[in-house]
Structures are given as C-alpha cells and as structure tokens.
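Hi there,

Here is the structure I promised to pass on. Have a look first, and my notes follow below.

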Amino acid sequence: MSLTPDAATNVARVLTEALPYIRRFRNKTVVIKYGGNAMVDAELKQSFARDVVLMKTVGINPVVVHGGGPQIGSLLARLGKESQFVSGMRVTDSETMDVVEMVLGGLVNKEIVNLINRHGGSAVGLTGKDGDLIRARKLTINASDAADGAIDIGHVGEVESIDASVVDMLVHGNFIPVIAPIGVGEDGRSYNINADLVAGKMAEVLRAEKLILLTNTKGLLSKEGELLTGLTTVRVDELIADGTIHGGMLPKIRCALEAVRSGVTSSHIIDGRVKHAVMVELFTDEGIGTLIR
C-alpha cells in the first residue's frame with residue numbers, strides 16, 4: 001500500500017529535519033537514564049528499544065542506565081517485606097539489598113538487554129560491580145530529630161568514582177551498554193545508588209554530548225504549568241531560588257546541572273510517557289522536554 005501525497009511529504013520532512021542532527025551527533029556518546037512509565041508500559045518499552053537501536057545504527061553511541069524501584073517494591077511485597085522510605089530513599093538492609101541486586105542486576109537489566117537485542121541491537125548488561133565500574137560510598141541522611149544527627153538507611157550509596165574503561169570497550173566494540181546502578185564500597189559491600197545520579201556521573205566521565213533523563217512529566221514546568229526549555233545553568237539556579245523547581249524534580253535538576261557544569265554539552269529532562277521520546281528530542285527542531293545548556 002503506497003503512501004498518500006500528504007503522508008509522503010510528512011515522511012520526507014521528518015527525514016530531512018533529522019539529517020543535520022544525525023550528522024552532528026555521529027560518534028558522540030548519549031547517556032540515557034531509563035525509568036518511569038517508559039519502563040513498564042509494553043508499547044513504550046518497544047519504542048524505547050527501537051530508538052536506542054536506531055541511534056547506534058546511525059553512528060551515535062547510546063549508554064543506558066536504568067532504575068527499577070517499582071519492580072523492587074513489587075517483589076519485596078510478594079516476599080512479605082514492607083518497603084520503608086526516608087527522604088524518598090528506600091531503607092535497604094542486607095536482605096533488601098539481595099532483592100535489589102536480583103531485580104536490578106538480573107530481572108530488569110536482562111529484560112532491557114533482551115528487548116534491545118530483539119530489535120536488532122547488540123546490548124550487554126552490567127552492574128557497577130563489573131570491571132570495577134562504580135565505586136560507592138555509604139549515604140547517610142542528616143536529620144535534626146536523630147540522636148547523632150544522621151539516619152542509617154543501610155545499603156544506599158552515592159557515587160565515589162567511576163572507571164568507565166569497560167563501558168568504553170563495549171561502545172567501541174559496537175555494543176550498547178545497559179547499566180544497573182549498583183556500586184561497591186571499600187568494605188566490599190554492595191550499594192544501591194539513585195539511577196539519575198549514576199547516569200549524570202557516567203555522562204561526566206564519558207564526556208558525553210548529552211544526558212537524557214526520562215521522567216513521568218513533560219519536563220520542567222513554570223509556576224503557570226507551562227513547559228520550560230532552552231534554559232541556562234544560571235536560569236535554572238534562579239528557578240530553584242524562587243521555588244519554581246521543588247520537591248521530586250530538584251534531584252533530577254541538580255543532577256542535570258552538575259553534568260552540564262562538568263562538561264556535558266546539554267542535559268534533557270523529557271517525558272518518557274511519549275512514544276519515541278528519545279528520537280523526538282534528539283532529531284527534531286522542537287524537541288519534547290526541558291533542555292539545559
């Protein structure tokens with residue numbers, strides 16, 4: 001069945017618009033934090049996998065860092081273990097950490113790898129333990145009502161350092177790395193790390209062209225509910241100061257800001273609920289979310 005003249009014109013317009021972006025980003029690295037609805041909705045999972053494979057096919061180097069909070073919570077509930085959170089972070093004792101490693105490093109990671117491979121890519125799954133990729137340090141939460149001013153939330157960490165040599169090897173071997181945000185501390189223990197933070201640090205170390213954070217919102221919104229984009233780091237600081245950026249968006253914005261200030265050309269916070277969100281953001285003039293330079 002042939003295209004109508006209008007449909008053919010639209011296809012040609014899209015391809016023509018994408019060409020300069022493909023040229024610009026060829027041989028560049030793009031780090032994508034994959035999470036939210038894009039990770040659980042069947043159609044969105046398929047569109048994400050196709051986007052990543054297309055990127056690699058046209059010469060862009062995608063590196064995927066994924067989360068998995070809902071999947072961890074679901075398995076803990078099935079095991080009869082209640083999830084507890086402090087300041088938005090899961091309290092992770094040794095038993096919970098075993099579940100986290102099984103879900104992030106096993107079930108979720110391998111599902112993403114399999115999905116990308118089924119769409120024609122060559123993905124390889126990693127955790128921060130592989131190749132000594134992510135060194136972690138224990139994260140403690142400061143609290144005024146705690147006896148010593150700090151709350152111990154168990155095996156929750158932050159990034160101390162990243163040795164990206166194994167990622168570089170995979171990228172230059174024409175593979176797509178898929179990374180679970182688990183690090184190892186000096187004590188040899190495993191630590192669960194926020195996937196946004198790992199993606200941001202990974203983008204810095206790899207000197208990525210772009211950091212893309214998939215979310216369940218349109219991006220950064222003004223107080224009137226309008227999408228804000230084309231922001232400078234100075235403007236973002238102003239929006240934090242006046243309270244426009246607050247709550248759950250703050251950690252993502254700070255992660256995006258730090259990446260840009262550390263040499264990543266641009267950070268994007270985009271709506272993962274939209275099919276082919278990554279392609280629309282990369283290869284069209286309008287984009288789909290908040291761009292920070």
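Let me begin with two strands: S11 (residues 210-215) and S14 run parallel and are joined by 6 bridges. Helices (H or I, at least four residues) and strands (E, at least two) are DSSP runs, numbered from the N terminus. Within this pairing, Leu213 stands opposite Ile269 in S14.

A word on the basis of these notes: this is a predicted model, where local features need pLDDT of at least 70 and side-chain atom pairs count only at pLDDT 80 or more, while totals for chains, interfaces and linings use all residues. Residues are numbered from 1 along each chain as its sequence is written, and side-chain values use heavy atoms, with hydrogens and water left out.

The sheet

S11 and S14 belong to an open sheet of 7 strands with mixed pairing, in the order S5-S8-S2-S1-S11-S14-S15. Two strands pair here if DSSP finds at least two bridges between them. S5 and strand S15 (290-292) are at the edges with a single partner strand each, so one side of each has no neighbour in the sheet. On average, neighbouring strands of this sheet are turned by 20° against each other, direction ignored; the axes behind that angle are lines fitted to C-alpha atoms, for helices over the stretch in contact, and angles run from 0 to 180 degrees between N-to-C directions.

In strand S1 you will find Thr29, which counts as buried at 16% relative accessibility. Buried means under 20% relative accessible area, exposed over 50%, and partly exposed in between (1.4 Å probe, protein chains only). Leaving out residues up to four places away in sequence, Thr29 touches Asn61, Val63, Leu206, Ala208, Glu209 and Lys210, contact being heavy atoms within 4.5 Å.

An aromatic pair

Rings of Phe, Tyr and Trp (its six-membered ring) pair if their centres lie within 6.5 Å; planes under 30 degrees apart count as stacked, over 60 as edge-to-face and the rest as tilted. The count comes to 2 aromatic pairs by this rule. One of them is Tyr34 with Phe48, which is stacked at 3.8 Å centre to centre with 5° between the planes. This pair links distant parts of the chain, with Tyr34 in strand S1 and Phe48 in helix H2, 14 residues apart. Both Tyr34 and Phe48 are buried.

The loop between strand S1 (29-34) and H2 holds Ala38, which is buried with a relative accessible area of 3%. Apart from neighbours within four places in sequence, Ala38 is in contact with Leu44, Lys45, Leu214 and Gly272. Ala38 and Asn216 lie 178 residues apart in sequence, yet 8.3 Å apart in space, C-alpha to C-alpha.

Helix H5

Which residues of helix H5 (residues 165-172) are buried? They are Val166, Val167, Leu170 and Val171. Down the axis of H5 these fall within an arc of 135°, so they line one face of the helix; the arc is that of the directions from the helix axis to the C-beta atoms. They pack against helix H2 (42-57), strand S2 (61-66), strand S5 (123-127), strand S8 (176-180) and helix H6 (195-205). Met169 and His172, on the other side of H5, are exposed.

Two positive phi values

Most residues other than glycine have a negative phi. Asn174, in the loop between H5 and S8, has a positive phi of about 70° although it is not a glycine. His276 also has a positive phi, near 55°. His276 sits in the loop between strand S14 (266-271) and helix H9 (277-283) and is partly exposed, with a relative accessible area of 27%.
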